[in-house]
Amino acid sequence: MVKGLYTAYTGMVNEMKRMDVMTNNLANSDTYGYKKEGTTSHSFGEKLAYAIKDTSNYGLDKNIGSIVYGVHLGETYTDYSSGSFEVTDSASDFAVSGDGFFAIAFTNKNGETSVKYTRDGAFTVNAEGYLVTADGDHVLNMTGALNQDAAEANWVRVDPTIDYQVDGLGYIYQNDQVVGTLGLADFDNYDYIEKYGENLYNLVEGGNVIAAEGTIEQGCLETSNVQVVDEMVNMITIQRAYEANQKVITSIDETLQVATTQVGKL
């Protein structure tokens, strides 16, 4: 076995996976509320050295030194840092300043409804007065957001014929009267949320919903936290690393060709 071939091969596969993550970030650089992803690398398991005087495996061969067979993707993580705000002056557009997520009564293609969370506050008010997403899913009030209850009683509703204002705590005012709340929730551990689509999040088993410390800003939207220039620089770095591994394989192939066709030839 030529270990250099395996090392170069795993390096190429690792760079391909990194490129997939990076291109997905670029594709969503204009998606409101999108949080960019990153990757880590990890070496494959090593053959550890055994002490010469170790008699626990008496009579068996003992390995000296270590051998690393290559690299693989350690994990894909999400950067939850805030993106910049884009002012729209639309009453139905909202952004979260600080930590927190809006809660959505999401209905899938099978008609099953569950609570999802998002930083994308590009909502609209339909003819019935309900605050909905661009896909028509209903936005939840504070009770629904904290209790993960997508029931109709927890849908945010206003009088569509009257102007409304939302303060930083999520209270909705019409004619100087509180008519409802806009839900905002957070999680005690972000390791227990997973992406659903591009800008929705699902709480997995073991995670807990807590009250959010962030505040709501009306009339603006949070843009993606992807920095296009940084991602383009990463693209160049990944391409060069991929090409370097290609050159390693080419060099080893040429060496093997010489070994099999010329070494020992009279």
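A salt bridge is defined here as a side-chain nitrogen of Lys or Arg lying within 4 Å of a carboxyl oxygen of Asp or Glu. The structure is a predicted model, in which local features require pLDDT of at least 70 and side-chain atom pairs count only at pLDDT 80 or more, whereas totals for chains, interfaces and linings use all residues. Residues are numbered from 1 along each chain as its sequence is written, and side-chain values use heavy atoms, with hydrogens and water left out.

The protein chain contains 3 helices and 19 strands, these being DSSP runs numbered from the N terminus (helices: H or I, at least four residues; strands: E, at least two). Of its 266 residues, 34% are buried. Burial is assigned from relative accessible area: under 20% is buried, over 50% exposed, and the range in between partly exposed (1.4 Å probe, protein chains only). The chain presents an accessible surface of about 15,500 Å², and carbon and sulfur atoms contribute 50% of this area; the areas come from the Shrake-Rupley method with a 1.4 Å probe, and for residues only the protein chains shown count as cover. Among contacts (heavy atoms within 4.5 Å) with a separation of 6 or more, 68% involve residues 24 or more positions apart.

A search of the whole structure returned 4 salt bridges. In one of these, Arg119 pairs with Glu222, with 2.9 Å between the closest N and O atoms. The pair links distant parts of the chain, since Arg119 belongs to the loop between strand 6 (113-118) and strand 7 (121-122) and Glu222 to strand 19, 103 residues apart. Both Arg119 and Glu222 are buried. Glu222 also meets Lys35 in a salt bridge, at an N to O distance of 2.5 Å. Because Glu222 lies in strand 19 (residues 220-222) and Lys35 in the loop between helix 1 and strand 1 (37-43), this second pair ties together parts that are 187 residues apart in sequence. The relative accessible area of Glu222 is 1%, which places it in the buried class, and Lys35 is likewise buried, at 1%. Through shared partners, the salt bridges join Lys35, Arg119 and Glu222 into one network.

A further salt bridge connects Glu15 and Arg18, whose closest N and O atoms are 2.9 Å apart. Both residues occur in helix 1 (residues 3-27), where a spacing of 3 residues separates them by about one helical turn. Glu15 is buried, with a relative accessibility of 8%, whereas Arg18 is partly exposed, at 22%.

Open space was examined next. Rolling a probe the size of a water molecule over the atoms shows where empty space is left. On a 1 Å grid over the protein atoms alone, a pocket is an open set of points with protein on both sides within 12 Å along at least five of seven lines, and its lining residues have an atom within 4 Å of a point. The largest pocket holds about 260 Å³, the volume being the space filled by probe spheres set on points joined across faces, edges and corners. Its lining comprises 15 residues, with Asp120, Thr133, Asp135, Asn199 and Leu200 nearest the centre. By class, 7 of the lining residues are nonpolar, 4 polar and 4 charged; nonpolar denotes Ala, Val, Leu, Ile, Met, Phe, Trp, Tyr, Cys and Pro, charged denotes Asp, Glu, Lys and Arg, and the others, Gly among them, count as polar.

Several individual residues were also characterised. His138 is located in strand 10 (residues 138-139) and is buried, at 15% relative accessibility. Apart from neighbours within four places in sequence, His138 contacts Ala103, Ile104, Ala105, Asn126, Tyr130, Leu131, Val132 and Trp155. Ala211, in strand 17 (residues 209-211), is exposed, with a relative accessible area of 54%. With the same exclusion of neighbours within four places in sequence, Ala211 is in contact with Leu146 and Asp186. The C-alpha atoms of Ala211 and Asp99 are separated by 9.8 Å, and the two residues are 112 residues apart along the chain.

Positive phi values occur in two non-glycine loop residues, described in turn. Asp89 has a phi near 60°; it occupies the loop between strand 3 (85-87) and strand 4 (93-97) and is exposed, at 70% relative accessibility. For Asp176, phi is about 65°, again positive in a residue that is not a glycine. Asp176 sits in the loop between strand 12 (171-174) and strand 13 (177-181), and its relative accessibility of 71% classes it as exposed.

Technical notes. 1 Å grid on protein atoms, 1.4 Å probe; cavity = no way out; pocket = protein on both sides within 12 Å on 5 of 7 lines; lining within 4 Å.
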